[in-house]
Amino acid sequence: MTQHTTALFEPARLPGLDLPNRLVMAPLTRNRAEADGTPTALMATYYAQRASAGLIIAEAATPNAVGQTYPNITAVHRPAHVAGWRRVTDAVREAGGRMFLQLQHGGRVGHPATSGLTPVAPSPVPLPETIFTPEGHQPAPVPREMTAEDIGSTVADFAKAARNALDAGFEGVEVHSANGHLLHQFLARNTNLRTDGYGGPVAARIRFTAEVTEAVAAEIGAERVGLRVSPGNTVNGIEEGETEEIYPALAERLGGLGLAYLHLVYADPDTPVFRKVRAAWPGVIVANPVLKEISTDGVLRASEELLAAGADLIALGRPFLANPDLVTRLRLGAPLNEMRDRYFMYVGGATGYTDYPALDASPSSDSIVALDGDRVA
């Protein structure tokens, strides 16, 4: 094995928080919470196993009941949620790690069979596909269009959830405005048909994301707040329109707040939108690369390309899920475990969650081949 000396392993800093390396564990929903959204002891084990990441961004937690997307996802709006997350953050801190919590409202990505409530969204435009519920996949319902009162109360719920996250021991929070969920639905022209001050031109469509982020920053301090976006992402039936205008405008509106970071999903350094956002954003950029192959060389190559293009930190999802010791593996050039997609979501339990093996403390090259011979190299 060849030990790598890339900048990925150099210390980095967010406002008010030192990081031992530039590798971030990206938030990915795993559906291992209790039915009411309370994190479990198994989740504490899972995150503590991955505490060598420079920063862990925990999976999406809903700020209110109507924001729930799928069964067994986490929440952070009740005392039991806060207590459950405290067990997770205590375990990670004891293992030497640091955590932010992602705050996510599903908007139209939800179902009464899961939350007991009719989903809300910027406009009554349903998800164009089925959605997983406790009774299996069902047609998505038509969401209720949010009123001005709904918008105001949702902004307040995000701010309260951020305060709860700090009470639960997180260093900060990430506002989720990506992947076709509520804030992203306000950004997109096909899901936001409003004619008031929250719809129509780009300046109005970015307003809700901006107001949520500003309220969260006012509640807990901007240096404890990140924002996640996914420019051009069509997941969950999204058609943004004006992508190259939306994200520079959002970066310019929020750039003066002093946020901890801006997190770009599926970041491609060769695209105009990446270059425009990097130029408009004065602070830290966390970039999630498009991985053509999930291997040691593939991850290192994609990560180093983003660092060279101006990213400050690199967020990785599936590589961290399958490799609790990903930082060590990348540093040593060791093979990666193969992701077992069958156990990714909706199945519960430790299989495909906390049972991925780590390398021995000082393995020989022969033992690595024996351990990972049938895995992606």
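Colleague: How do the residues of the lining of the largest pocket divide into nonpolar, polar and charged?

Modeller: Keep in mind that this is a predicted model. The general idea is to look at where space is left: rolling a probe the size of a water molecule over the atoms shows where it is empty. Here, the lining of the largest pocket has 21 nonpolar, 13 polar and four charged residues. The pocket itself has a volume of about 880 Å³. It has 38 lining residues, and the closest to its centre are Leu28, Asn179, Tyr266, Arg318 and Phe344.

Colleague: Which elements give two or more residues to that lining of the largest pocket?

Modeller: They are strands E8 (130-133), E13 (261-267), E14 (285-289) and E15 (313-316), together with helix H11 (318-322). E8 gives the most, with three residues.

Colleague: And what lines the second largest pocket?

Modeller: There the volume is about 290 Å³. The second largest pocket has 14 lining residues, with Pro269, Val290, Lys292, Ala302 and Glu305 nearest its centre. Helix H10 (residues 296-308) supplies the largest share, five residues. By class, the lining holds seven nonpolar, one polar and six charged residues.

Colleague: What about the lining of the second largest cavity, by class?

Modeller: Its lining has two nonpolar, three polar and three charged residues. The space is about 30 Å³, and Thr89, Val92, Arg93, Gly97, Arg98, Met99, Gly169 and Glu171 line it. Helix H2 (residues 79-94) gives the largest share, three residues.

Colleague: Last topic: at what angle do helix H4 and helix H7 pack?

Modeller: For a helix pair, read the angle and the distance between axes together. Helix H4 (residues 148-167) and helix H7 (residues 207-220) pack at about 40 degrees, their axes 9 Å apart. That angle is why H4 counts as oblique to H7. The contact comprises eleven nonpolar, one polar and three charged residues. H4 passes H7 in a right-handed crossing. Among the residues that meet are Ile151, Val155 and Phe158 in H4, and Phe208, Val212 and Val216 in H7.

Notes
Residues are numbered from 1 along each chain as its sequence is written. This is a predicted model: local features need pLDDT of at least 70, side-chain atom pairs count only at pLDDT 80 or more; totals for chains, interfaces and linings use all residues. Side-chain values use heavy atoms; hydrogens and water are left out. On a 1 Å grid over the protein atoms alone, a cavity is a set of points where a 1.4 Å probe fits but cannot get out, and a pocket is an open set with protein on both sides within 12 Å along at least five of seven lines; lining residues have an atom within 4 Å of a point. Grid points are joined across faces, edges and corners, and a volume is the space filled by probe spheres set on the points. Helices (H or I, at least four residues) and strands (E, at least two) are DSSP runs, numbered from the N terminus. Ala, Val, Leu, Ile, Met, Phe, Trp, Tyr, Cys and Pro count as nonpolar, Asp, Glu, Lys and Arg as charged, and the others, Gly among them, as polar. Axes are lines fitted to C-alpha atoms, for helices over the stretch in contact, and angles run from 0 to 180 degrees between N-to-C directions. Angles under 35 degrees count as roughly parallel, over 145 as roughly antiparallel, 65 to 115 as roughly perpendicular and the rest as oblique. A crossing is left-handed if the near helix is turned anticlockwise from the far one by less than a right angle, and right-handed if clockwise. Contact means heavy atoms within 4.5 Å.
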